Structure formats: structure tokens, C-alpha cells
Amino acid sequence: MRYLLRRFGHAVFLLVGVSLLAFTFTTLAPGNYFDEMRLNPQIAPETIAALRTQYELDRPLPIRYAHWVSSVLHGDMGFSFAYNSPVLPLLWVRARNTLLLTITAMLLAWGIALPLGIWSAEHLGRLPDRLLSLGTAALMVIPDLALALGFLVIAVKSGRFPTGGMVSLHFESLAFPGKLGDLFLHMALPITALVLSVLPLLLRHVRAALAEVLDAPFLLAAEGHGISRRTLLYRYALPAAANPLISLFGFSIGTLLSGSLLVEVVMSWPGLGPFLLEAILARDLYVVIGGVLLSTLFLIGGNFLADLLLYWADPRIRTEASV
Amino acid sequence: MKTTSANRLSRRVFSSLLFALVALFTQPISALPRQKNSKEELLVLPGETGRSGGRLVVSLRAEPKTLNPLIALDVSSREVIGVMQADLVHINRATQLTEPALAKSWKISPDGLQYTLVLRRGLKFSDGSPLDADDVLFTFRVYLDEKVHAPQRDLLIFDGKPISVRKVDAQTLVFQLPKPYGVAERMFDGWAILSRHLLEKPYEEGKIGQVGTLTTPAKEWAGLGPFRLKEYVAGQRLVLERNPYYWKTDTKGNRLPYLDELVFLFVPNADAQVLRFQSGETDMISRLSAENFSVLSRDQKEYTMVDAGPGLEYNFFFFNLSDPGEKTPAEIVQKQKWFREGKFRRAVSAAVDREAIVRLVYQGRGTALWGLVTPGNRRWRDEKLPHPARSLEEARSLLKEAGFSWDTASNGESTLRDSTGKPVEFSIIAQSSSSERSKMAAVIQDDLKQLGMRVQVVPLESRSLLDRVTQTKEYDACVLGAASYDADPNSDINVWLSSGGLHLWNPSQAHPATPWEAEIDRLFNEQMYARTFEQRKNLYDRAQEILREYQPMIFLASPDILAGAKKSVGNFRPAVLEPYVLWNVEQLYLKNDAVNATR
């Protein structure tokens with residue numbers, strides 16, 4: 001329990017730190033949301049000044065931060081200048097779409113990385129393993145952006161996949177299986193891009209972790225007892241190699257989240273990516289901070305989950321915690 | 001800013017007059033009220049008769065932020081609001097002239113101070129509630145209320161005094177101006193008339209800025225435009241449906257609009273918009289770059305691509321002529337000595353290869369510019385303005401006269417030096433988000449190298465650039481662009497007047513810094529209140545000539561308005577004024593098979 005509380009304390013500390021940094025950096029960036037209005041000949045400078053005052057942009061940073069923190073404590077993440085409405089609902093509808101994409105991609109990536117990595121470790125140094133290593137190395141050097149663009153080209157050339165968006169226009173008129181199919185078709189390319197961007201890293205770690213354990217004497221003994229290869233690998237070797245992999249699981253959530261922001265922009269997926277990008281360029285201060293905080297929250301959530309798994313998988317941590 | 005507001009208004013009045021004249025001569029005024037029944041006075045639109053039904057899909061580069069016309073600022077919101085709302089008098093985007101809209105007629109008093117507008121009978125908002133003079137009174141009360149912060153409010157203030165509105169009867173309103181205004185009835189364009197029964201309560205509660213968000217239930221929002229709200233899916237799309245109470249018909253008496261639904265898809269970048277159009281997911285596309293236009297033009301089987309000619313966007317280059325403040329780096333103050341020299345600026349202008357810019361940046365789909373008024377603005381363009389070809393000789397002789405000299409290094413590169421022997425070096429800032437303007441800066445860099453000037457191009461993110469130009473004033477020179485929202489000169493008032501925020505080379509001056517800026521101020525203010533087009537045109541031409549003589553802005557080029565639509569879209573006629581393809585949305589229709597296909 002103390003272990004969990006300590007983790008929770010870390011999370012809160014991290015959130016405060018991130019919010020402070022996000023606040024400072026977005027404010028330090030030159031220009032503000034109302035600058036573009038200056039280029040609009042229809043708007044008087046007095047109107048712009050009045051708006052700045054209304055949104056407290058002319059107040060000193062610490063005061064604005066204090067106001068913002070107090071509003072967050074009241075469950076309100078601030079106000080979007082552009083949308084003229086509270087930030088949280090705006091972020092939440094888009095965050096759901098981002099989560100749908102990243103969680104599916106994560107499950108898929110681990111689903112592929114575990115068996116493939118184990119298989120590769122088993123055949124360590126042989127031709128299939130070498131080919132796989134070569135493949136992952138190649139994938140690793142291709143930037144996410146190039147992957148996403150490549151898939152877009154495929155979508156356009158083949159005409160089989162939509163070139164962006166989350167659902168078709170006639171989505172509402174479809175029956176449930178049709179809806180699912182439509183969503184799947186739209187998700188296919190962004191998910192593939194995401195999975196391919198994170199897969200090489202996972203694969204290599206799984207392979208390395210397993211390869212280390214496979215030489216361990218207890219496994220040789222187990223093999224000598226006539227335990228089947230399959231049971232040996234998944235029942236005994238994998239749990240022994242699990243610790244670094246579980247830590248990697250938390251980390252992979254972060255990688256996928258940041259990767260997904262980019263893929264979303266390129267593939268016009270209606271998630272946090274395009275929304276945050278627009279807000280950053282427009283200096284929509286509280287949307288940017290809210291978005292950063294929400295991403296941090298997801299990241300912390302992922303790591304927390306990893307910690308829980310670790311707690312469950314590794315008896316040493318449990319003992320340490322209960323002391 | 002008082003004079004500024006007044007100026008803006010007179011600009012609008014004048015341009016409206018001009019537009020009215022242009023319309024008279026170019027084509028018959030398209031809309032004549034016709035009595036359909038005793039209660040309804042509908043507007044009949046001439047032109048190709050279409051088929052009813054179907055759904056048209058277009059993409060928006062950014063999500064609209066609001067449906068509330070009182071607070072909307074961004075392009076996407078304005079585009080959406082444009083098809084959901086209507087104004088009293090409307091500027092036809094194709095003829096650039098005014099035509100009757102919610103007001104079936106108007107009369108201007110001989111002294112130019114009183115405008116009497118008569119509303120159409122039987123008008124209804126999209127929720128079926130009737131419109132009368134009280135709604136119009138309410139609308140202008142809200143726009144004029146300082147607490148509402150409506151960005152357009154300034155256009156209703158003349159010399160510090162607001163316009164006043166009085167109701168004569170349920171159909172008739174009198175607008176009283178404190179001063180005659182050259183723009184005339186053009187000033188009524190763009191003021192969405194609001195529904196009193198929907199908005200009076202939020203207004204009284206001081207919450208009018210918070211209504212009309214995109215998540216507003218469809219039942220709680222209404223306008224007088226051809227379409228009304230149906231559904232909004234955050235981050236994905238906005239679906240509008242036909243307004244059954246719309247007040248226009250075609251010549252056969254069919255009530256417009258033809259389309260059942262208009263869908264805006266949110267597609268976050270220009271290339272993705274092109275992809276969506278290519279794959280057939282959207283029916284129309286506009287705001288195309290020349291590159292994308294030529295890609296789409298290569299395969300025209302399924303769609304029609306149209307180059308509507310030069311729009312009202314003008315791109316220009318300017319030096320920092322602002323008064324140095326305490327914080328201005330000494331280096332910039334030093335360079336400003338060159339920039340303030342008229343001959344130096346004229347030499348730079350003579351050395352810039354505008355045709356190369358049109359060719360390289362716009363692939364030939366643009367026009368070289370020597371003044372602020374683009375060829376797209378047919379009535380206000382000063383035909384007498386010279387268009388000198390590029391001349392390095394002239395540039396060199398101007399620099400020599402101004403005391404500059406050259407020395408040649410051993411590698412054959414010549415360096416331009418001022419009278420004190422300092423080499424002429426400066427940087428040009430350009431928006432990194434606009435590849436066009438970055439390219440222009442690169443062309444200028446190359447052109448000026450031939451004069452021995454050493455120029456660096458510094459791409460900056462949009463808002464950082466604006467911050468430098470309008471606030472900190474820490475820059476040497478800048479490439480920027482602007483687009484007039486209307487053809488009337490008054491839409492650029494903040495560029496012309498020395499007190500204006502867009503007088504970019506030296507913005508928001510308390511007093512004109514130079515005699516020629518004072519003269520431009522005088523000419524511009526005078527044209528605002530002049531009563532005839534000829535008077536206004538003469539004054540405006542003179543102002544353009546002064547700008548050309550002193551070159552505080554070195555004009556470069558104007559891009560063409562490029563658009564495309566599927567062959568199945570009828571009445572597709574892009575205009576050079578915004579909204580380029582949706583200005584006649586009520587007349588757009590889907591030809592035969594397309595209607596069946598979407599059903």
C-alpha cells in the first residue's frame with residue numbers, strides 16, 4: 001500500500017511540475033492569441049486590449065498561474081480563447097479518439113512483439129532471427145512521419161482505404177457490423193503506422209530479455225524434466241524475463257502517445273494531435289496546457305499500470321514495500 | 001482610432017456605391033422581389049435552374065470555433081456562419097455589387113445621413129419564427145454594446161459617435177449616420193441579423209458571448225441563411241440541413257437552396273484536403289496553392305478546375321521605418337539610416353524581379369504587383385500606375401545618387417557600402433508557415449545580391465513574426481501578405497492611415513512621421529466622405545501614386561484564386577471574394593446521377 005501511495009505522490013508531483021513548465025513555456029513563446037486580430041482591419045486596437053483584459057492576458061504570470069490552479073481544483077481546466085468555452089469538454093471528446101487509437105495500437109504491438117520476440121530469441125543467431133533483426137533495424141530508422149505518409153500514398157493509390165477521418169459520412173445509417181467495419185477500415189492505416197513505429201523497439205527488448213533468461217540453469221533443468229518447449233517458454237521463461245518488459249510497457253505508452261499525435265495530424269484522425277497543433281500555433285494558452293496535462297496524465301496512468309503489474313509480478317517488490 | 005472607424009465606414013459606403021454601379025453595367029441586378037403570395041415577398045434569383053436534393057461535402061482546414069456571428073473571428077467559423085446567416089443588403093461576390101437581401105429596398109437621404117431600409121414581408125428564421133424590425137433593432141443594439149466585444153463594432157462608429165437605428169413600422173427602419181459615408185449601403189453587408197426570441201435572454205444575462213457554441217442543440221439555434229444546424233461531431237464534421245423557410249427562389253419558383261445537406265469535414269492540412277478531394281470524399285475545394293492546383297489539373301476527368309483570376313491578396317516587402325525606442329538595438333538604428341533613404345527603397349524595388357516571383361512562387365498563376373490594389377479589384381485599380389520592368393541599372397544609379405558605392409573582392413564578388421564604408425547587410429523575416437512568402441524572400445535575397453547587398457532570410461513562426469513587427473519592432477525587413485475583405489478601399493484603412501495598426505512599416509503613429517504620410521492620411525480621410533465615385537477614385541488614385549513614389553511597401557505579387565469541383569456540381573462559379581466557392585451555395589446543386597447516388 002505504501003508503495004502505491006508513494007507512486008501516487010510522485011504522480012502528483014510530476015503533474016504540478018509539468019503544469020508549471022507548460023505554463024511558463026507557452027507564456028514565454030512570443031506573440032499571443034490576439035495578435036492575429038491586429039492584422040484584421042475590422043478590429044480596433046481598443047477591442048483587442050479589452051479582450052486581453054477580459055482573459056487576464058495582461059496580468060503577471062504568477063497571478064495567472066494561481067488563478068488557473070484554483071480553477072483546476074474546482075474541476076475546470078481554464079477557458080479556450082478560440083472556442084470561447086471551457087477546455088475540458090473540448091479536450092475530452094478528442095482524447096477519447098486518441099485513446100482508442102493508442103490503446104488498440106499498444107495491444108496489437110505487444111500482441112505481436114511477445115510471440116515474435118520469443119520466437120526470435122529461441123532461434124537466436126540463426127537466419128530467420130537475423131532477417132528479423134535486419135527488418136526491425138530498417139523499421140527503426142524510418143521516421144514515423146515517413147511511415148504515415150507512405151500509408152497515405154497507399155490509401156490514395158489503392159483506393160481501398162479512406163484517406164483520413166474516423167468514420168464515413170454514412171456511418172449513422174449503417175447497421176452495427178457495418179459500423180464496426182467502417183471504423184476498422186479507417187483505423188487500419190493509422191494503427192499500422194503506429195504499430196510499426198513502436199514494434200521494432202519492443203521486439204528487440206523482448207528478444208534480448210528472453211535470450212538472457214533462456215541460458216539460465218533453471219530452464220535447462222526444466223527442459224531436462226521433459227517440460228514441453230511451449231510451456232517452458234511462456235510459463236517459465238517469460239515471467240522470469242518480465243521485469244524489464246513491464247517497465248518498457250509503461251514507456252511504450254508514452255512513445256505511442258507522442259507518435260499518435262503526429263500520425264493523427266498526417267492522417268486527419270480527430271484526436272488530440274490536430275487539435276493541439278492548431279492550439280499551439282494559435283497560442284490558445286489553456287488548451288495547450290490542458291492538452292499537455294492530459295497527455296501527462298495518460299502517461300502517468302500507463303506507468304502506474306506498469307507499476308501495479310510489476311508489484312504483482314515481482315515478489316521482491318512486495319516484500320520491500322511491506323517492510 | 002475615431003477617424004479610423006469613420007474612415008472604415010466611409011470606405012464601405014463608397015465601395016458599395018461603386019459596386020452598385022458596376023452591377024448596373026455588368027449584369028442586371030440579379031434579385032428582384034416577386035410577390036409569391038400576399039404574405040411572402042421572396043427573392044427570385046436568375047440563372048441556371050438546378051435539381052433539388054442531395055448532399056454536398058466540402059472540407060475546412062480548421063474546425064470552426066463558434067456559430068455565434070458576434071464573436072466569430074477565424075476563417076472557418078466565418079465560412080460556416082456565412083451559410084447559416086443573412087444580412088440586410090448583400091455584396092454579390094461575383095459582380096462585387098450590392099443587391100437586396102433581407103431588405104427589399106433602401107433609400108438614402110439627399111444629405112447622405114439617413115438610410116431607410118424596408119424589410120421583405122413574411123421572413124422567417126430557420127426555426128420558423130417570424131422576423132420583423134424589432135429583431136433588426138435588437139441586432140444592432142447587441143453589436144453596438146461595448147460589453148459584447150463584437151469585433152465588427154468599430155465599423156458602426158463614426159467620429160466616435162455610433163450609428164443609431166429607429167423603427168418606423170414592422171417593416172421599415174431608419175439608420176441615422178453622424179456623418180455622410182462614401183461606402184453607402186455596402187456597410188450593411190456582413191451583419192448577420194439575430195433572432196431576438198432566441199438571444200434576448202442570454203443578452204440580458206450578459207451571456208451572449210457564450211451561446212452558439214458548436215455543441216448547441218440544433219433546436220436552439222436559428223438564422224436566416226440557406227442552411228441550418230443539424231449535427232456536429234467534434235473534430236470530425238459539421239452537418240447543416242436545408243432551411244425550409246429560406247427567402248429565395250429560382251426563376252421557376254422552386255424554393256432555394258437546392259441541396260438537402262451541406263457537410264463540412266474538418267481536414268487539418270492543405271495536402272490532406274487535396275487527397276480527400278482526389279479520392280472523391282469531398283465535392284469542392286478552394287484556397288488551393290498553385291502546386292496543388294496543377295496536380296489536380298493534370299487529371300480533369302472527374303472534376304473541373306477553375307482559375308478565377310487574381311484575388312484581393314497582395315504580398316509585399318517592407319523595411320522597418322518605425323521610430324527607434326529605448327530598447328531598439330543600435331544595429332537596427334544604424335541600418336534604418338539606409339532604409340529611410342527613399343532612393344535606397346526605390347533601388348530595391350527596381351531590382352526585384354516580380355515576374356520571376358509569379359513564375360517561381362505561383363507557377364504563373366498570379367500577377368505581378370506595383371501597388372496595393374490588385375487587378376482583381378477592377379473598379380479601384382489605378383490604371384495610370386506605372387509598371388516598370390526590372391532594371392538593375394536604374395537601381396545602381398539610384399544607389400550611387402544616394403551615396404552608396406561598391407568594392408570588388410578578389411573572388412569577383414562586389415559589396416555595396418554606404419557613405420561611411422559599412423557594408424549593406426540586413427535580414428528579411430518571413431512566415432515559416434507560408435512557403436510562398438518564404439520563397440519570395442529567397443527571390444529577393446537573390447535579386448539584391450546582384451546589387452552587392454548581403455541579405456539573410458529568417459523564417460519565423462507567424463505569431464513571433466507579428467510580435468516583432470507590431471510590438472518589439474526588432475527586425476530589418478519583412479515579407480508579408482494581406483487580403484482586403486472587400487473591394488472598397490476602406491477595407492484597407494488600417495494599412496493606409498499612419499495611425500493604423502497595419503501601417504506596418506511604422507504602425508500606430510500618434511502623428512504622421514513624414515509629410516507624405518500626412519498627405520496620404522488627408523487624401524484617405526477625404527475620400528471617405530466624398531459623395532461621388534469619381535471624387536473618391538481621384539483621391540484614392542492620388543494616394544496610390546504617393547505610396548508608389550515613396551515605396552514604404554514594395555509590392556510583389558498577387559495569387560490567383562484557384563478552386564475545383566466535381567463535374568456533378570451544378571452552378572459552380574468561384575469568385576475572387578470570400579467565400580470563394582460557397583458564395584452562391586443556395587444555387588449549387590447536384591446533377592442527375594449524383595443526387596441518386598447519395599440517396
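Analyst: A helix is a DSSP run of H or I with at least four residues, a strand is a run of E with at least two, and both are numbered from the N terminus. By that rule, chain A comes to 12 helices and two strands. This is a predicted model, with local features needing pLDDT of at least 70 and side-chain atom pairs pLDDT 80 or more, while totals for chains, interfaces and linings use all residues. Residues are numbered from 1 along each chain, chains are lettered from A and ligands numbered from 1 as written, and side-chain values use heavy atoms, leaving out hydrogens and water.

User: Why does His186(A) count as buried?

Analyst: Buried means under 20% relative accessible area, exposed means over 50%, and partly exposed is in between (1.4 Å probe, protein chains only). His186(A) has 7% relative accessibility, so it counts as buried. You'll find His186(A) in helix 7 of chain A, residues 176-214. For the whole chain, buried residues make up 46% of the 323 residues in chain A.

User: What does His186(A) touch?

Analyst: Leaving aside residues up to four places away in sequence, the list is Pro162(A), Gly164(A), Gly165(A), Met166(A), Val167(A), Ser168(A) and Trp269(A). Touching, or contact, means heavy atoms within 4.5 Å. Among contacts in chain A with a separation of 6 or more, 74% join residues 24 or more positions apart.

User: How do helix 6 and helix 7 of chain A pack?

Analyst: Helix 6 (residues 144-158) packs on helix 7 at an angle of about 150°, and their axes are 9 Å apart. The axes are lines fitted to C-alpha atoms over the stretch in contact, and angles run from 0 to 180 degrees between N-to-C directions. Under 35 degrees counts as roughly parallel, over 145 as roughly antiparallel, 65 to 115 as roughly perpendicular, and the rest as oblique. Therefore helix 6 and helix 7 of chain A are roughly antiparallel.

User: Which residues of helix 6 and helix 7 in chain A meet?

Analyst: From helix 6 come Asp144(A), Leu147(A), Ala148(A), Phe151(A) and Ala155(A), and they meet Leu189(A), Thr192(A), Ala193(A), Leu196(A) and Ser197(A) from helix 7. Sorted by class, that contact has seven nonpolar, two polar and one charged residues. Here Ala, Val, Leu, Ile, Met, Phe, Trp, Tyr, Cys and Pro count as nonpolar, Asp, Glu, Lys and Arg as charged, and the others, Gly among them, as polar.

User: What about helix 1 and helix 11 of chain A, parallel or antiparallel?

Analyst: Helix 1 (residues 2-28) and helix 11 (residues 285-313) pack at an angle of about 160°, with axes 10 Å apart. That makes helix 1 roughly antiparallel to helix 11. Their contact divides into 20 nonpolar, four polar and two charged residues.

User: And how is helix 9 of chain A set against helix 11?

Analyst: Helix 9 (residues 229-266) and helix 11 of chain A pack at about 170°, with their axes 9 Å apart. So helix 9 is roughly antiparallel to helix 11 too. By class, the contact of helix 9 with helix 11 has 12 nonpolar, seven polar and no charged residues.

User: On to chain B: is Leu523(B) buried or exposed?

Analyst: Leu523(B) has 3% relative accessibility, so it counts as buried. Leu523(B) lies in helix 14 of chain B, residues 515-529. Past its sequence neighbours up to four places away, Leu523(B) touches Leu539(B), Arg542(B), Ala543(B) and Ile546(B).

User: What makes Gly225(B) buried?

Analyst: Its relative accessibility is 0%, so Gly225(B) counts as buried. Gly225(B) sits in the loop between helix 4 (196-204) and strand 12 (227-233) of chain B. Its C-alpha is 9.6 Å from that of Pro257(B), 32 residues away in sequence.

User: What is phi for Arg287(B)?

Analyst: Phi of Arg287(B) is near 50°, a positive value in a residue other than glycine. Arg287(B) has a relative accessible area of 32%, so it is partly exposed.

User: And how exposed is Ser508(B)?

Analyst: Ser508(B) has a relative accessible area of 48%, so it is partly exposed. Ser508(B) has a positive phi of about 50° although it is not a glycine.
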